[in-house]
Amino acid sequence: MKRAAAPRSARLRARTAAQETAASPARLAEAYESVALVLQGGGALGSYQCGVYEALHAAGIQPRWFAGTSIGAINAAILAGNAPEHRVERLRGFWELICQPLGLAAPVAHAVRALLGWLPPAHALDAWANSLGALGALAFGQQGFFRPRAVSPFLYEDASAQATSFYDATPLRHTLERFVDFERINRDKSVRLAVGATHVTSGNLRWFDSAREAIRPEHVMASGALPPAFAAVEIDGEHYWDGGLVSNTPLDHVLTDQPRRDSLVFQVDLWSARGELPRTMMDVFERQKDIQYSSRTRFGTDHIAHLHKLHHALRDLVAALPPGRIDAKLRRALQPLVSDRVFNIVHLIYQSKPFETQFKDYAFGLGTMRGHWAAGLLDMQNTLAHPEFLAMPARSVGIATHDVHRLGVTRTPAS
């Protein structure tokens, strides 16, 4: 008996799905009007984001919008402030510099690295190395990043930087000027940079965006000025702290941008909202940080999905009205609300290692940095192995999210 042919619509859907699966990640990304890289704050964990970008670059995907908070703002500035062919090299140069300890910690760090090179891998040794790196950062600072103040801030009461912070971040300004071409950021309007900072006296989050204003080193430094370690940064007579105090993830800034565009967003988080019940006080400290600084991606995407349904309903309503029932002024006012643009969010979250504890965000060290970088590279490679993640969502859906870790995928690094 002859089998009945599948309906034409089903055949077309199957053909489209097969074409999307066969298409390269770069080709799928080209279908979007905007490709953004959203980078969360997280201190020493930030090198994970560098590995993610390296995999994107290798796949031929070049975001045109970089948005970041704290260490994510620094990484975003390096990416936006360099030509694509130099970005990975500049990221590596920055991280290899700031992961070098200062003062008496330097010879100790060299000795530890030499010792670990002779010993077999072990969680206990990794935990020991991480704790030494964190203690070194607290006691001596990091090259090209920050240094401890010589006099205790408790001896001042004059509202100065010395009175309101434990560390001097002046070295970071010189490092940013070395690795970031701010003239390029402000001149090249095809690439966009946005960094978030908290206005100290109002407590409000402010986004400094190259689409609206010139970006300078102090904007990036303000985004990473986490108190009480660092003093507030003055910008045009106002003072700003780390943007992570209000929102550690720039996703909302990207999703609410006007005019709306079909957007592919790579969101790279350094803190996971999910975790196990703490067993010790150190576990409590770590879990508290994870929850405090993790993103609320599900809340944000649910909100955008609700707005998308509203946009569709308004568009259908306007289309159903007879000509002339809406005057030109009202029609123009409604236009932004009837957009049917879609968002595809590809979410990557750093997975903490068993030996890491609550000081993982300031456990600077070359070995630790390289481990984070390699983890980001592998996670992005695993993600790009699923080209369906990059396929544009249906207009009726509006927003989609993907996370390779939900699939339980494991894969060895590419040779």
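Tutor: Asp242 sits in strand E8, which covers residues 238–242. Please keep in mind as we go that this is a predicted model. Asp242 is buried yet takes part in no salt bridge. The nearest side chain of opposite charge belongs to Lys289, and that is 11 Å away; a salt bridge would need a side-chain nitrogen of Lys or Arg within 4 Å of a carboxyl oxygen.

What does the side chain of Asp242 meet in a polar contact? Its partner is the side chain of Ser70, at 2.7 Å. Setting aside residues up to four places away in sequence, Asp242 touches Thr69 and Ser70, then Ala197 and Thr198, and also Ala222, Ser223, Gly224, Ala225 and Leu226.

Thr198 deserves a stop of its own. This residue belongs to strand E5, and with a relative accessible area of 4% Thr198 is buried. A polar atom of the Thr198 side chain lies 2.8 Å from the backbone oxygen of Asp242. Beyond the neighbours within four places in sequence, Thr198 is in contact with Gly203, Asn204 and Leu205, and with His239, Tyr240, Trp241, Asp242, Gly243, Leu245 and Val246. Take His239 from that list: 41 residues separate Thr198 from His239 in sequence, while their C-alpha atoms are 8.4 Å apart in space.

Now for the charged pairs. The structure holds 17 salt bridges, and one of them joins Asp257 to Arg192, with the closest N and O atoms 3.1 Å apart. Arg192 is in strand E5 (residues 192–199) and Asp257 is in the loop between helix H11 (251–255) and strand E9 (263–269), so this pair ties together parts that lie 65 residues apart in sequence. Asp257 counts as buried because its relative accessibility is 13%, and Arg192, at 14%, counts as buried too.

Lys360 gives us another place to look. Its side chain meets that of Glu286 in a salt bridge, 3.1 Å from N to O. This links distant parts of the chain, 74 residues apart: Glu286 is in helix H12 (residues 281–293), and Lys360 is in the loop between strand E10 (343–349) and helix H15 (366–384). At 2% relative accessibility Lys360 counts as buried, as does Glu286 at 12%.

The side chain of Lys360 also meets that of Asp290 in a salt bridge, at 3.2 Å from N to O. Asp290 lies in helix H12 and Lys360 in the loop between E10 and H15, so here the parts tied together are 70 residues apart in sequence. Both Asp290 and Lys360 are buried. Elsewhere, salt bridges with shared partners join Arg173, Glu177, Arg216, Glu218 and Asp236 into one network.

Let me finish at the surface. Met281 is found in helix H12, and at 53% relative accessibility Met281 counts as exposed. Together with Met282, Val284 and Phe285, Met281 makes a nonpolar surface patch of about 360 Å².

Definitions and conventions:
Residues numbered from 1 in each chain as written. Predicted model: local features only at pLDDT ≥ 70, side-chain atom pairs only at ≥ 80, totals over all residues. Heavy atoms only, no water. Helix = DSSP H or I, 4+ residues; strand = E, 2+ residues; numbered from the N terminus. Buried < 20%, exposed > 50% of the residue type's maximum accessible area, 1.4 Å probe, protein only. Patch = residues over 30% accessible without salt bridge, like charges linked within 9 Å, V, L, I, M, F, W, Y side chains within 5 Å. Areas by Shrake-Rupley, 256 points an atom, 1.4 Å probe, with all protein chains shown as cover. Lys, Arg positive; Asp, Glu negative; His and termini not counted. Polar contact = N/O pair within 3.5 Å; in protein donor to acceptor, adjacent residues only side chain to side chain. Contact = heavy atoms within 4.5 Å.
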